[in-house]
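Thanks for coming. Please have a look at the structure.

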Amino acid sequence: MIAVREGRDAFLRTVAQLTSERAAAREIVANLRASSSELWDGDVPGEWRTAGFVQELTSVASEILESNPRESLAFAQLALAIATSIPSGTYPAPVQPQIEGAAWKEIGAAHRYIGEYDAALRAYDAAHRAYSASNALAHDDAVIDLASAIVLADLTRYEEALELLASVDPVLRAFDDHKHVVQVRQMTANIYYFQGRLQEARAELEASLEEIPFDEPYTRGAFCSTLGLIYGQLGRIQESLEMLHKARGMFADLGMTGEVNRTEWALAGTVLATGDLPKAIQLLRSVRNTFLSLSMADDSGLAGLDLADALIANRQMDEARQIVEDVLGEFVTKKLNHRAITALAYLRDVLPTASRPQRAVDHVRKYLKQLRSPAAPAFLPLPEE
Amino acid sequence: MAVELHAGAFAERADDFGAVYEENYHLLVRTVVKHYHIAELDAEALAHEVFLAYFLKGDTVINSRAWLVSAISNAAKYFLRRRARHVPLSPESAEIPDPHLERVGEALPDQLAGREAFACVTARCQIALRLRYLEGYSIPEVAAELNTTPRYAQKLVGRCLQQAKDRYRKRGEP
């Protein structure tokens with residue numbers, strides 16, 4: 001009984017230390033947001049080198065991921081830098097590996113948002129390495145596997161992603177981690193969708209929708225958004241619009257700019273299917289501009305091609321050409337994938353004379369989506385008609 | 001007032017964790033000893049690791065009991081897997097010195113100095129040196145992580161090494 005009490009007291013002393021460190025860090029970290037660029041080249045004050053400080057930085061990185069992924073990345077990297085400088089043996093296991101792994105997790109998430117998929121996978125590998133230093137971090141490890149599966153799906157490595165999701169599902173269920181289990185089902189449905197297995201994706205989402213607790217509006221929003229997209233493609237336009245508006249409202253309430261924008265992108269697709277071209281064009285312009293302001297170059301480029309497509313359908317050829325020119329310029333300025341630049345340059349050159357310009361836009365758009373996979377082939381122009 | 005509120009909030013939180021600890025500690029230790037045949041001392045250490053991991057999860061755990069039981073089972077399995085990798089030494093090996101310890105007199109102070117040197121550089125250098133030397137990132141990978149060119153990343157790593165060397169030397173000066 002005495003041993004239990006001693007163990008309990010030691011545990012509570014660590015809890016007290018971490019809690020007070022975190023409370024002390026809160027105001028400093030809030031102030032850092034205004035001057036984050038300067039602190040990189042200064043010395044790290046000794047009082048910052050605490051697990052609580054690292055946790056607070058990681059938490060801010062997570063909070064701002066949606067609204068500012070670049071800044072989120074900087075905060076997560078700073079968290080990692082500070083975690084690195086904490087002398088070993090300062091905390092009992094598993095505090096050090098857990099805070100380092102959590103910083104890597106946020107680094108991975110930020111890279112994914114910016115479209116830097118290889119960097120995201122490297123960060124997740126590093127998180128696994130950190131977690132493997134402790135016996136007690138199986139849950140954190142499983143969450144990293146789920147995050148990796150999301151990146152693999154982004155890279156169109158669907159079979160690997162599905163395999164990872166299948167392996168992680170029972171682990172998360174054993175922890176009764178309903179939230180992440182639902183995300184596994186959602187991701188599985190997304191992959192079915194990307195593979196063109198629309199009915200399987202719809203069935204997976206409809207079955208899971210009832211399982212989502214009402215206090216998880218993000219997950220509910222994500223389900224509604226994807227289901228809306230799928231209904232749109234299955235021709236169930238009214239149900240699609242209802243779902244997408246519902247999702248948009250939930251994300252807006254949560255202040256998740258990136259997700260609101262992705263939902264509006266899906267909404268534009270459904271509006272396009274109804275034939276309301278001016279409305280779709282207006283939505284796509286706004287979606288593209290928001291992606292640009294969030295430094296999400298890949299997505300702003302793809303939204304630009306959707307916009308060009310809608311403009312061509314609306315017989316606004318000059319504006320469509322201008323959009324393609326703009327997207328090309330952005331890719332060149334940001335030194336993005338040279339094969340994407342080749343494909344966009346081809347589109348710019350071919351648009352003025354193409355007999356079926358939408359076919360050319362579609363060809364390049366599909367190629368840009370393929371480019372997320374490192375195994376994507378070199379760009380080939382459409383065969384001449 | 002804020003401090004009082006914070007102190008109150010902490011006392012409440014600590015009570016919560018204390019209660020979770022007391023409700024589950026024996027169950028966790030018993031599970032490890034009974035199901036995984038691990039010595040009680042190791043089982044207690046595993047239980048403490050699990051409790052801290054649980055605390056660091058904050059409020060994200062909905063079902064504490066299920067989470068803790070699953071965490072301890074996974075921790076016990078991981079512990080056994082790691083232990084299974086330990087191979088007993090042959091009796092004659094007692095006579096042979098461990099080749100890893102051949103230069104321990106020189107290597108150990110070097111390692112300690114390396115760690116200390118890491119700790120006295122700027123945040124930018126911490127991350128650059130960590131990526132390059134602890135995580136094994138290539139220079140192009142460091143560049144991608146820091147959103148810069150490989151040439152600048154190469155320079156940065158070199159400059160950070162120099163900074164670590166200079167500052168560590170300075171610390172040793174009277």
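Cys125(B) and Cys160(B) are joined by a disulfide, with 2.2 Å from S to S. This is a predicted model, and the count over all chains is 1 disulfide. The torsion about the S-S bond of Cys125(B) and Cys160(B) is about -75°, so this disulfide is left-handed. Cys125(B) sits in helix H5 of chain B, residues 123–134, and Cys160(B) in helix H7 of chain B, residues 150–172, so the bond ties together parts 35 residues apart in sequence. Both Cys125(B) and Cys160(B) are buried.

Now the interface. On the chain A side 55 residues are in contact with 49 residues of chain B. The two chains bury about 4700 Å² between them, and carbon and sulfur atoms give 58% of that area. Phe11(A), Arg122(A) and Asn135(A) lose the most area in chain A, together 16% of what that side buries.

How many salt bridges cross between chain A and chain B? The count is 6. One pairs the side chains of Arg129(A) and Glu135(B), at 2.7 Å from N to O. There are also 16 residue pairs in polar contact between chain A and chain B. On the side of chain A that touches chain B, H1(A) gives the largest share, 11 residues. By class, that side has 29 nonpolar, 15 polar and 11 charged residues.

Terms used
Residues are numbered from 1 along each chain as its sequence is written. Chains are lettered from A and ligands numbered from 1 in the order in which they are written. This is a predicted model: local features need pLDDT of at least 70, side-chain atom pairs count only at pLDDT 80 or more; totals for chains, interfaces and linings use all residues. Side-chain values use heavy atoms; hydrogens and water are left out. A disulfide is a pair of cysteine sulfur atoms within 2.5 Å. Helices (H or I, at least four residues) and strands (E, at least two) are DSSP runs, numbered from the N terminus. Buried means under 20% relative accessible area, exposed over 50%, partly exposed in between (1.4 Å probe, protein chains only). Contact means heavy atoms within 4.5 Å. Buried area is the accessible area (1.4 Å probe) that two parts lose on being put together, summed over both. A salt bridge is a side-chain nitrogen of Lys or Arg within 4 Å of a carboxyl oxygen of Asp or Glu. A polar contact is a pair of N or O atoms within 3.5 Å; within protein, one must be able to donate a hydrogen and the other to accept it, and residues adjacent in sequence count only if both atoms are side-chain atoms. Ala, Val, Leu, Ile, Met, Phe, Trp, Tyr, Cys and Pro count as nonpolar, Asp, Glu, Lys and Arg as charged, and the others, Gly among them, as polar.
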